[in-house]
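We will go stop by stop.

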Amino acid sequence: MILSLRTALVPLLITTAAVPARAGDGDAPAASAAAPGAPAAAPEGGGDPAAADVGAALTVVVQGAPAPRSASETVRERAEVRAAPHRTASDVLQLVPGLFASQHSGEGKAHQIFFRGFDAVHGQDLELWVAGAPVNEVSNVHGQGYADLHFVMPEVIRELRAQPGSYDPRQGDFAVAGTVRFELGYDEPGITVAAGAGSDGARRLFLAYHPEHADEATFAAFEAYATDGFGPARAASRTSLVAQGVYPLAAGVSARVMASAFAARFASAGVLRLDDLEAGKVDRLASYDPDQGGDSSRAQLVVDLRAARAPGEGLSLAPFVVLRALRLRSNFTGYLEDPTSGDATQQLNEAVTVGATASYRLRFPLLSERDTFEAGVVARSDWIEQSQRRLAAVDDRPTATLVDGRVRATDIAGYLDASIRPARRIEVRGGLRADGLAYQVLDGAGEGAAARGAQGVHVGGKGTVDAALLPGLHALASVGQGFRSPQARSLGDGERAPFTRVLSAEAGLRYADERVRASAALFHTRLSDDLVFDEATGRNEPVPATARTGVALDAVAHPAPWLVSSVGLTYTRAAFTASGGRYAAGDLLPFVPQVVARADLAVTPRLGALFGRRLEARAGAGVTLLHRRPLPYGEVGHDALLTDVTAHLRYHRVELGLDVYNLLDAAWFDGEFVYPSSFTRGAAPDLLPARHVTVGAPRSVFASLSLYIG
């Protein structure tokens with residue numbers, strides 16, 4: 001999304017004779033430091049005046065904390081990210097209060113995301129951006145908003161900022177439950193070489209380079225990972241490269257360039273009937289169809305240009321291009337639809353996304369000297385080719401074509417944002433955003449192809465009132481209108497593109513000082529219609545209107561330099577507000593856990609010196625609780641309590657690490673569904689709904705050795 005100068009997390013180079021540090025609009029003050037590669041300024045009252053070029057301009061980096069748009073907006077920095085072990089960037093998402101990500105279809109498919117009462121599936125309700133590039137895919141054949149984060153290594157995540165709700169004009173499509181933005185960086189100078197191995201044949205190689213005197217936003221990192229899986233049909237492998245650099249171009253102008261490439265291949269065990277599992281007919285780690293799985297790839301380029309006019313003012317322009325490909329083979333119902341050939345489906349989706357974000361920010365003393373205004377535009381165009389075919393169980397021969405199409409989707413948006421202080425202790429932030437979406441769809445191929453087009457506009461207002469009650473303590477009330485774009489295949493010719501319209505509101509308290517950040521908030525969100533997974537089609541299908549009401553608690557504490565902790569707890573009641581199909585008004589939304597709790601704790605003591613070299617340790621743990629997961633037909637899923645721990649010991653340039661996932665070896669299910677199925681070929685199908693599960697990973701151990709050269 002567009003990042004204004006005050007929200008920039010990548011250093012903005014400003015050339016000026018002297019710029020005093022100014023507190024940011026958020027909870028933390030702005031910071032100034034020497035720019036990468038620039039000579040360091042002499043301390044006040046010290047240094048050699050003769051050595052300084054008095055007439056030379058001083059280049060500084062200005063980083064400001066963005067003003068929060070809701071009481072529950074949260075930030076997790078590198079210290080919190082490193083507290084517990086994480087295999088992927090999707091695992092890191094679980095640091096956001098109320099968010100849980102599961103991996104029920106193999107280590108390579110996008111995670112299923114649950115957030116504040118939303119089953120966002122693979123991204124339909126959560127807007128995701130990484131280093132200025134959008135991750136959500138428009139009209140993906142497997143699910144709207146499909147977002148695969150496997151291309152990001154946990155080590156290069158510098159910060160993630162979560163904005164629940166839709167209260168910021170920069171938030172656009174898929175910002176239904178909220179938005180999460182990842183900023184990248186790597187702070188270990190020189191070359192890092194890390195290799196590891198663990199349970200189930202897991203092995204990993206990580207390489208990184210960060211110039212010693214450059215900002216941490218300049219780095220390159222490579223990952224190669226493979227595993228045999230914790231049971232049949234669970235093997236996976238992936239490789240990824242992420243490189244980013246920040247460059248001063250001219251006085252007051254800088255550029256950040258980010259490029260990445262990623263490829264993965266993975267198997268999937270699929271679902272098991274719970275009655276078969278409990279009766280001992282199948283092993284817990286078995287698979288009805290071991291041929292499930294797929295492959296995925298992504299390549300992208302982002303160029304972020306920023307020009308400073310004055311402190312707090314300037315222009316940004318960030319074009320991006322993303323190339324994506326996905327192939328999935330799955331079977332959720334066995335032989336229910338086709339007793340002879342089976343119900344296995346193959347989904348193919350290839351997409352090219354080209355777009356840009358741009359914004360201009362200026363100070364305008366309307367009611368106070370600190371009033372600011374920002375205007376921005378966002379544009380993206382997607383070229384998509386997709387298909388879905390049913391495959392024969394014996395030879396994977398296509399037996400039916402369910403989807404065969406090409407889609408051209410365009411989203412052009414503009415917004416106006418303002419921050420105004422009508423009184424000394426009150427600030428009003430918000431504005432207006434308009435999105436125009438257009439689609440051209442071609443169903444089929446050859447002479448029988450049918451073409452159609454649709455277009456629509458969504459306009460939404462967003463606003464926050466922030467009242468300072470005491471030093472560090474603020475009361476915030478927010479309201480906003482958002483939307484989710486439709487699946488292009490569902491649109492008729494000439495139709496005014498229907499949007500899922502979102503209205504969300506929140507009120508709560510925030511507190512921050514040098515050691516503690518905490519918040520408590522009540523929230524409510526209403527959707528005009530929704531999407532829920534349908535096992536027969538293998539994707540999300542429309543359902544009636546829904547609403548979520550809940551409470552969110554969050555706290556991050558750094559009581560000592562060697563201790564960090566973070567805790568998040570969310571309770572949400574998600575229910576239908578209208579009747580339709582198999583759902584009635586008042587029914588709980590299926591699959592969504594009502595309680596999600598997460599706690600992380602890490603200690604990083606310095607153990608002194610050995611033979612004149614520094615000895616350091618790091619130990620941490622992350623605990624996740626899922627409680628009450630409603631399922632269709634009034635059933636309730638199993639609870640889960642998962643504990644991951646890490647312990648690292650570093651001596652000078654050598655580090656040994658041990659990570660243990662699911663320490664208590666909890667027998668849990670990362671996915672639970674209720675629907676009819678038949679996994680016996682040729683048998684008369686049982687049309688009664690039955691519980692189906694995907695088995696969560698058991699305890700695993702991973703050991704690593706890292707060398708730091710430089």
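This is a predicted model: local features need pLDDT of at least 70, side-chain atom pairs count only at pLDDT 80 or more; totals for chains, interfaces and linings use all residues.

**Stop 1: a three-stranded sheet**

Select β17, β38 and β37. They form an open sheet, and β17-β38-β37 is the order of its strands. The pairing is antiparallel. In general, strands of a sheet pair through backbone hydrogen bonds.

Now look at the edges. Which strands stand there? They are β17, residues 272-273, and β37, residues 669-677. Each has a single partner strand, so one side of each is left without a neighbour in the sheet.

Next, zoom in on β17 and β38. Strand β38 covers residues 686-695, and two bridges join it to β17. Select Leu-272 and find its bridge partner in β38: that is Val-693.

**Stop 2: a five-stranded sheet**

Select β4, β10, β11, β8 and β9. These five strands also make an open sheet, in the order β4-β10-β11-β8-β9. Here the pairing is mixed. The edge strands are β4 (74-77) and β9 (133-134), and each pairs on one side only.

Move to β10 and β11. How many bridges join them? Seven bridges link β10 (residues 157-164) to β11 (residues 178-184). These two strands run antiparallel.

**Stop 3: Ser-237**

Select Ser-237. You will find this residue in strand β15, which spans residues 236-250. Is Ser-237 buried, partly exposed or exposed? Its relative accessible area is 32%. Buried means under 20% and exposed means over 50%, so a value in between counts as partly exposed. Ser-237 is therefore partly exposed.

Now show what surrounds it. Beyond its neighbours within four places in sequence, Ser-237 is in contact with Tyr-225, Ala-226, Ala-263, Ala-264 and Arg-265. Arg-203 and Ser-237 are 34 residues apart in sequence. In space, their C-alpha atoms are 9.5 Å apart.

**Stop 4: a nonpolar patch**

Switch to the surface view. Select Ile-191, Tyr-209, Val-654, Leu-656, Leu-705, Leu-707 and Ile-709. Together these residues form a nonpolar patch with about 600 Å² of accessible area.

Which strands each supply at least two residues of the patch? They are β36 (654-661) and β39 (700-709). Strand β39 gives the most, with three residues.

End on Ile-709, which sits in β39. Its relative accessibility is 46%, so Ile-709 counts as partly exposed.

Technical notes. Residues are numbered from 1 along each chain as its sequence is written. Side-chain values use heavy atoms; hydrogens and water are left out. Two strands pair if DSSP finds at least two bridges between them. Helices (H or I, at least four residues) and strands (E, at least two) are DSSP runs, numbered from the N terminus. Buried means under 20% relative accessible area, exposed over 50%, partly exposed in between (1.4 Å probe, protein chains only). Contact means heavy atoms within 4.5 Å. Patches are made of residues with over 30% relative accessible area and no salt bridge: like charges are joined within 9 Å, nonpolar side chains (Val, Leu, Ile, Met, Phe, Trp, Tyr) within 5 Å. Accessible areas come from the Shrake-Rupley method with a 1.4 Å probe; for residues, only the protein chains shown count as cover. A salt bridge is a side-chain nitrogen of Lys or Arg within 4 Å of a carboxyl oxygen of Asp or Glu.
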